[in-house]
Amino acid sequence: MKAYMFLFMTLLIVSSCSSSRNSIATTQEDKALLSVVKKFDRKSTNIDLKESVSALYNEAAKIHLDKIDVYGTLQDASRWDKLLGEYNALQHLTDIINQSSSAKKLINPPSFIPRIEALKIDAGEDFYAMGQDYMTDSQKISYQAAYHAFEKALQYSPGYKDAAQQKERAYQRGLITVIVNPVSDNSFYYNNIGYNRYGNSFNNDYMQRNLVNDLGGSYSRSGPARFYSNWDARRSEIVPDMVVDLTWVNLDIPQPFTSNYSRNVNKQIQIGTDTSGHALYQTVTGTLYIAKHYFTASGDLETRITDVNSQELLGLRRFNSQFNWEQETATYRGDRRALSGYELSIISNSRWQVPSKDQILDELYQRMYPQVKNEIYNTVRW
């Protein structure tokens with residue numbers, strides 16, 4: 001079978017997984033029948049309601065039976081969900097009638113449970129056979145399709161033959177290996193002279209190690225992929241299926257700005273008591289001269305995921321992040337007793353320290369990290 005057929009069937013099976021084998025294809029006629037039956041239970045002698053119950057049941061049942069005739073002619077795997085949806089709807093109509101003491105005297109609807117159970121077995125058998133067919137091919141994409149086929153077989157018919165064992169076998173053979181490369185820095189500021197004051201010793205392996213570990217590494221059971229750093233892959237002679245490249249672009253870490261301002265401070269302090277024991281207060285004042293140092297750093301991290309064999313670009317996104325930094329220093333003239341605890345602290349902190357490049361990039365990265373991790377996981381999953 002050609003590769004595009006594998007892709008088509010994989011997408012088909014994955015999309016059908018969202019449908020429940022117990023889904024009910026409810027129509028407006030079904031809802032109308034339920035409403036009329038409730039009224040008929042309250043007014044069982046009403047001729048109009050009696051006629052409406054019979055007419056609505058026949059109309060609703062015919063709609064589902066007509067769809068079953070159409071779906072029965074389909075050849076693709078989606079027919080099972082559609083057929084079961086219609087038969088479940090017919091059984092729902094039967095339940096509506098049988099649960100009404102008045103309506104069940106008018107209509108004797110058939111039970112569709114035996115047909116529903118038989119369909120589940122047929123669907124399980126069909127998907128099981130499909131999975132076995134995919135397992136005859138040695139490509140990973142066929143094992144992945146087989147995994148989903150066996151999964152569907154078990155959804156329809158739990159415990160069907162050895163589908164659980166075959167599903168695990170397909171899972172192991174369909175696992176993909178992903179290499180996460182160290183983060184590179186292609187931004188203007190990497191070699192900018194003014195930027196060098198922050199240092200350029202940032203450990204790009206730090207982000208790489210975090211991603212590999214948090215995505216599950218080489219032992220993860222949380223997703224159908226194993227993740228390695230480029231160094232670990234070389235050491236273990238791992239041949240990757242996909243490669244993740246992370247690159248800083250549009251990185252902007254400006255020189256700190258300084259804003260100077262002053263404000264008057266005052267406080268009432270107790271200086272003693274009078275002869276009657278009442279407290280005596282004095283107002284002390286001063287002027288605080290504050291220098292506020294600040295900047296806003298920003299950057300885009302580009303995530304590029306490539307299929308090694310086909311060199312197809314599977315994912316390309318940029319994630320933006322910002323980091324606001326500020327620090328205040330101050331001097332003072334006047335009575336120090338007028339100062340608050342915070343004001344005393346910024347006076348004592350006469351030297352201000354700009355964060356290093358490592359710290360700034362780490363702050364930027366941590367703000368976008370969940371999005372980057374989810375982007376990688378969602379792209380490599382199957």
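Modeller: Happy to. One cut-off before we start: axes that cross at an angle over 145 degrees count as roughly antiparallel. Keep in mind that this is a predicted model. Now take helix H4, residues 79-98, and helix H5, residues 113-135: their axes come within 10 Å and cross at roughly 170 degrees. H4 and H5 are therefore roughly antiparallel to each other.

As for who touches whom, H4 brings Arg79, Trp80, Leu83, Leu84, Tyr87, Asn88 and Gln91 to the contact. On the H5 side, the partners are Ile113, Arg115, Ile116, Leu119, Lys120, Asp122, Ala123, Asp126 and Phe127. Sorted by class, the contact of H4 with H5 has nine nonpolar, two polar and five charged residues.

An α-helix has 3.6 residues a turn, so residues three or four places apart point the same way. In H5, Ile116, Leu119, Lys120, Ala123 and Phe127 are among the residues that meet H4, and Ile116, Leu119, Lys120, Ala123 and Phe127 are also among the buried residues of H5.

Last, a quick check on H5 itself. At 1.5 Å a residue, its 23 residues should span 33 Å, and the end C-alpha atoms of H5 are 33 Å apart, so the two agree.

Methods. Residues are numbered from 1 along each chain as its sequence is written. This is a predicted model: local features need pLDDT of at least 70, side-chain atom pairs count only at pLDDT 80 or more; totals for chains, interfaces and linings use all residues. Side-chain values use heavy atoms; hydrogens and water are left out. Axes are lines fitted to C-alpha atoms, for helices over the stretch in contact, and angles run from 0 to 180 degrees between N-to-C directions. Helices (H or I, at least four residues) and strands (E, at least two) are DSSP runs, numbered from the N terminus. Angles under 35 degrees count as roughly parallel, over 145 as roughly antiparallel, 65 to 115 as roughly perpendicular and the rest as oblique. Contact means heavy atoms within 4.5 Å. Ala, Val, Leu, Ile, Met, Phe, Trp, Tyr, Cys and Pro count as nonpolar, Asp, Glu, Lys and Arg as charged, and the others, Gly among them, as polar. The expected span of a helix is 1.5 Å times one less than its number of residues. Buried means under 20% relative accessible area, exposed over 50%, partly exposed in between (1.4 Å probe, protein chains only).
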